[in-house]
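Please walk me through the features of this model one by one, giving the general idea before the particular case.

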Amino acid sequence: MRQARIEFVGGPLDGRSLPVAVNLAERVPEEYLVELSARGGGPRRVAVYRSESVHGPDGRRRWRYVFVSG
């Protein structure tokens with residue numbers, strides 16, 4: 001399966017680029033879930049990111065994930 005480095009905006013992964021599996025049309029999954037470790041014995045949380053299409057400086061369409069909740 002192909003992978004692409006995708007930028008994350010907001011939330012605990014803000015500013016990071018991680019490898020994400022893409023399909024043949026270079027599209028990423030609509031949602032990306034990140035399980036966050038518990039602090040102080042509390043319950044684990046899940047951060048939710050949604051994919052968003054953006055145009056790069058060269059005019060080509062690129063994908064990024066934007067923080068929704070968590």
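**Reading the sheet, core, salt bridges and pocket**

A: The five strands form an open sheet in the order 2-1-5-4-3, with mixed pairing. Strands here are DSSP runs (E, at least two residues), numbered from the N terminus, and two of them pair if DSSP finds at least two bridges between them. Strand 2 and strand 3 stand at the edges with a single partner strand each, so one side of each has no neighbour in the sheet. On average, and with direction ignored, neighbouring strands are turned by 40° against each other, where the axes are lines fitted to C-alpha atoms and angles run from 0 to 180 degrees between N-to-C directions.

Q: What should I keep in mind about the model itself?

A: This is a predicted model, in which local features need pLDDT of at least 70 and side-chain atom pairs count only at pLDDT 80 or more, whereas totals for chains, interfaces and linings use all residues. Residues are numbered from 1 along each chain as its sequence is written, and side-chain values use heavy atoms, with hydrogens and water left out.

Q: How many bridges join strand 1 to strand 5?

A: Strand 1 and strand 5 run parallel and are joined by three bridges. Val9, for its part, has Val66 in strand 5 as its bridge partner.

Q: Which residues make up the largest nonpolar core?

A: In soluble globular proteins, nonpolar side chains tend to be buried together. A nonpolar core is a set of buried Ala, Val, Leu, Ile, Met, Phe, Trp, Tyr and Cys residues joined through side-chain atoms within 4.5 Å, and buried means under 20% relative accessible area, with exposed over 50% and partly exposed in between (1.4 Å probe, protein chains only). Here the largest core has twelve residues, namely Ile6, Phe8, Leu13, Val20, Val22, Val28, Val34, Leu36, Ala47, Tyr49, Trp63 and Tyr65. Two or more of these residues come from each of strand 1 (2-9), strand 2 (17-22), strand 3 (31-36), strand 4 (45-55) and strand 5 (61-69).

Q: How many salt bridges are there, and which parts does the pair of Glu26 and Arg2 tie together?

A: A salt bridge is a side-chain nitrogen of Lys or Arg within 4 Å of a carboxyl oxygen of Asp or Glu, and by this rule the count comes to five. Glu26 and Arg2 form one of them, with their closest N and O atoms 2.6 Å apart. Glu26 lies in the loop between strand 2 and strand 3 and Arg2 in strand 1, so the pair ties together parts that are 24 residues apart in sequence. Glu26 is partly exposed at 33% relative accessibility, and Arg2 is partly exposed at 48%.

Q: Where do Arg50 and Glu31 lie?

A: Their salt bridge has its closest N and O atoms 3.0 Å apart; Arg50 lies in strand 4 and Glu31 in strand 3, so parts 19 residues apart in sequence are tied together. Arg50 is partly exposed, with a relative accessible area of 38%, as is Glu31, with 36%.

Q: Which residues line the largest pocket?

A: On a 1 Å grid over the protein atoms alone, a pocket is an open set of points where a 1.4 Å probe fits, with protein on both sides within 12 Å along at least five of seven lines, and lining residues have an atom within 4 Å of a point. The lining of the largest pocket consists of Ala4, Arg5, Ile6, Val22, Ala25, Glu26, Val28, Arg60, Arg61, Arg62 and Trp63, and strand 1 and strand 5 are the elements that give two or more residues to it.

Notes. Helix = DSSP H or I, 4+ residues; strand = E, 2+ residues; numbered from the N terminus.
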